[in-house]
Amino acid sequence: MVARSIPIALLGAAWEAFARSGLVTPFMLPPLSAVLLRIWSDASAGDLALNTALTLYRALTGFLIAAGAGVALGCAMSRSAVARWFFDPIISVGFPMPKIAFLPIVILWLGFFDVTKIAMVVFDAIFPVVTATIAGLQGVERELIWSARNMGAGGRALMWQIMLPAALPQILTGLQVALPLSLIVAVVAEMAMGGYGLGGAMMTASRFADSRGVFAGIVEIGAVGFCLVKAMSMLRRRLLVWHQEAEEQATT
């Protein structure tokens, strides 16, 4: 743990040294110490907790909706030829498309409310979940499916007891991609729409030429993203404690 924090500490020291070298102005790059003081000030005033809570609410709500809908849609596409015929072209076209371009349309439909930001998160995060679910289900060993069918497993039992557990590592990989993506989209939507939240606070600081506030927002978003990724990694290890992946990690 200490060894992994060394690069971050070195990056912080380099930031502080470069900002105080005189090569840049404090407006262009405030020292890290000044940024940390600004974060402490925001935390003391309660602004940091409020903005972080709102951003996490929007990001995690959208992520959970995308996770449930994405797994359900992936299962439907893997089991139904009609569902795959209908949704596969949509997924193929929509996945590489920058979904944030639809934000003006979603604002026209839903207005400047949390539901708009959450909808954008769902719209962006659902694609990696769907594709990971399909890939995971298609990668289940045929022998497992044949054995379960020979033992009398029906379609529902086959999906819940055999295919989904076997595809869980791939599904979790899709969720690990979707989670930081949810945070990114929530922050970008807040930047575009304004109001409270980490992204909105950054844009407010930018409008008032508050350089320390902008860089404080960057550090805060990075810290929140790091915690989300670590939490998802811990959840993956707990859910896959039975899997070969856990045994390989334990031996390395």
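**Close-up views of a helical protein**

**View 1. Valine 35 and the residues around it.** Setting aside neighbours up to four places away in sequence, valine 35 is in contact with Trp15, Pro30, Phe215, Ala216 and Val219 (contact means heavy atoms within 4.5 Å). Before going on, please note that this is a predicted model, in which local features need pLDDT of at least 70 and side-chain atom pairs count only at pLDDT 80 or more, while totals for chains, interfaces and linings use all residues. Residues are numbered from 1 along each chain as its sequence is written, and side-chain values use heavy atoms, with hydrogens and water left out. Valine 35 belongs to helix H2, residues 32-45. Helices here are DSSP runs of H or I with at least four residues, strands are runs of E with at least two, and both are numbered from the N terminus. Is valine 35 buried or exposed? Valine 35 counts as buried, at 0% relative accessibility; buried means under 20% relative accessible area, exposed means over 50%, and partly exposed lies in between, using a 1.4 Å probe and protein chains only. The C-alpha atom of valine 35 is 5.4 Å from that of arginine 212, although the two residues are 177 residues apart along the chain.

**View 2. Helix H2 against helix H10.** Two packed helices are described by the angle between their axes and the distance between the axes. For H2 and H10, the angle is about 80° and the axes are 9 Å apart. H2 is therefore roughly perpendicular to H10. Axes are lines fitted to C-alpha atoms, for helices over the stretch in contact, and angles run from 0 to 180 degrees between N-to-C directions. Angles under 35 degrees count as roughly parallel, over 145 as roughly antiparallel, 65 to 115 as roughly perpendicular and the rest as oblique. From H2, Ala34, Val35, Arg38, Ile39 and Asp42 meet Arg212, Gly213, Phe215, Ala216, Val219 and Glu220 from H10. These residues divide into 6 nonpolar, 1 polar and 4 charged. In this grouping, Ala, Val, Leu, Ile, Met, Phe, Trp, Tyr, Cys and Pro count as nonpolar, Asp, Glu, Lys and Arg as charged, and the others, Gly among them, as polar.

**View 3. Alanine 209 and serine 211.** Alanine 209 sits in the loop between helix H9 (198-207) and helix H10 (211-239). Most residues other than glycine have a negative phi, and most peptide bonds are trans. Alanine 209 has a positive phi, near 55°, and is partly exposed, with a relative accessible area of 46%. Serine 211 is found in helix H10 and is buried, with a relative accessible area of 11%. Which residues does serine 211 touch, not counting those up to four places away in sequence? They are Pro26, Phe27 and Pro30.

**View 4. Helix H3 crossing helix H4.** Here H3 (residues 47-79) and H4 (residues 81-94) have axes that come within 6 Å and cross at roughly 125°. H3 and H4 are therefore oblique to each other. Their crossing is left-handed; that term applies if the near helix is turned anticlockwise from the far one by less than a right angle, and right-handed applies if clockwise. Leu73, Ala76, Met77 and Arg79 of H3 meet Ala81, Ala83, Arg84, Phe87, Asp88 and Ile91 of H4. The contact divides into 7 nonpolar, no polar and 3 charged residues.

**View 5. Helix H4 crossing helix H6.** The axes of H4 and H6 (residues 114-138) come within 10 Å and cross at roughly 125°. These two helices are therefore oblique to each other, with a left-handed crossing. On the H4 side, Arg84, Ile90, Ile91 and Gly94 meet Phe127, Val130, Thr131, Ile134 and Gln138 of H6. This contact divides into 5 nonpolar, 3 polar and 1 charged residues.

**View 6. Two cysteines and the whole protein.** How many disulfides does the structure hold? It holds 0 disulfides, where a disulfide is a pair of cysteine sulfur atoms within 2.5 Å. Cysteine 75 is buried, with a relative accessible area of 12%, while cysteine 227 is partly exposed, at 49% relative accessibility. Stepping back, the protein has 11 helices and 0 strands. Its C-alpha trace spans about 75 × 50 × 30 Å along its principal axes. Of the 252 residues in the protein, 40% are buried. Among contacts between residues at least 6 apart in sequence, 72% join residues at least 24 apart.
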